[in-house]
Amino acid sequence: VRERIRESVALLDEIIDGVHYVTAAPNVRHQDLIGRLYLALANFLASRPGLGRVFLSPVDVIFTLYDIVEPDLVFIAGDQLEIMTEKNIQGAPALVVEVVSKSTRSRDERIKRELFDRGGVREYWIVDPDRSRITVHRREGNRLEADTSLSSADRAVLTTPLIPGFSLSLPELFKPSL
């Protein structure tokens, strides 16, 4: 039975700075959070198609031959639609979102943030399900800087200048699902 379970576990492959990373498929809480974010963004963008497109993992984002990742969620702004191909995204999305877990926290907070910084990502959101918090990194000049940390406990509302008019209540995002 264990072998069948092990065989059914999906794995995500990424290459960062030429190093191959393999991660087990995300847990249910992770999927619930990223699904809620995707629905909020997709529903908002449905009546505003010129603003851009949003995609859920798995979708390859190719920065270089040595940097290919599958972020949890990506937003391609209306002014950069040319980076989308039929198979993948080739270049820096305007927004990248990762939901951290114990096994990915260090990679998401350090290694991927550095990749997204040098790759030209305009915003990077790190969603922390354990702390019901989102850290927003915004491009200031040539660098992605930790702009703000938003908490469900503070009843914060997530907004972004990349998607004018979009807002999402963190208490609603982080509400229990089970």
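Rings of Phe, Tyr and Trp (its six-membered ring) make an aromatic pair if their centres lie within 6.5 Å; planes under 30 degrees apart count as stacked, over 60 as edge-to-face and the rest as tilted. By this rule the protein has three aromatic pairs, and the tour will stop at two of them.

A word before you start: this is a predicted model, in which local features need pLDDT of at least 70 and side-chain atom pairs count only at pLDDT 80 or more, while totals for chains, interfaces and linings use all residues. Residues are numbered from 1 along each chain as its sequence is written, and side-chain values use heavy atoms, with hydrogens and water left out.

**The whole chain**

Show everything as a cartoon. You will find four helices and 13 strands; these are DSSP runs numbered from the N terminus, helices being H or I with at least four residues and strands E with at least two. The C-alpha trace spans about 50 × 40 × 30 Å along its principal axes. For 178 residues a compact globule would have a radius of gyration near 16 Å, and the protein agrees, with 16 Å. That radius is taken over C-alpha atoms, and the globule rule is 2.2 Å times the number of residues to the power 0.38.

Buried residues make up 45% of the 178; buried means under 20% relative accessible area, exposed over 50%, and partly exposed in between (1.4 Å probe, protein chains only).

**The aromatic cluster**

Select Phe63, Phe116 and Tyr124, which form one aromatic cluster. The ring centres of Phe63 and Phe116 are 5.9 Å apart with planes at 40°, so this pair is tilted. Because Phe63 lies in strand S4 (residues 61–64) and Phe116 in helix H3 (residues 105–119), the pair ties together parts that are 53 residues apart in sequence. Both Phe63 and Phe116 are buried. Phe116 also pairs edge-to-face with Tyr124, at 4.8 Å centre to centre and 75° between the planes. Phe116 has 0% relative accessibility, and Tyr124 has 0% as well.

**His30 in a helix**

Next, select His30 in helix H2 (residues 28–46). Is His30 buried or exposed? His30 counts as buried, because its relative accessibility is 8%. Leaving aside neighbours within four places in sequence, His30 is in contact (heavy atoms within 4.5 Å) with Asp72 and Val99.

**Two loops with positive phi**

Move to Asp17, in the loop between strand S1 (11–16) and strand S2 (19–24). Asp17 is not a glycine, yet has a positive phi of about 55°. Asp17 is partly exposed, with a relative accessible area of 48%.

Then pick Ser132, in the loop between strand S9 (123–128) and strand S10 (133–140). Ser132 is not a glycine either, and has a positive phi of about 50°.

Ser152 counts as buried, at 15% relative accessibility.

**A cis peptide bond**

For the last stop, zoom in on Ser57 and Pro58, which are joined by a cis peptide bond with omega about 5°. Pro58 lies in the loop between strand S3 (52–56) and S4.
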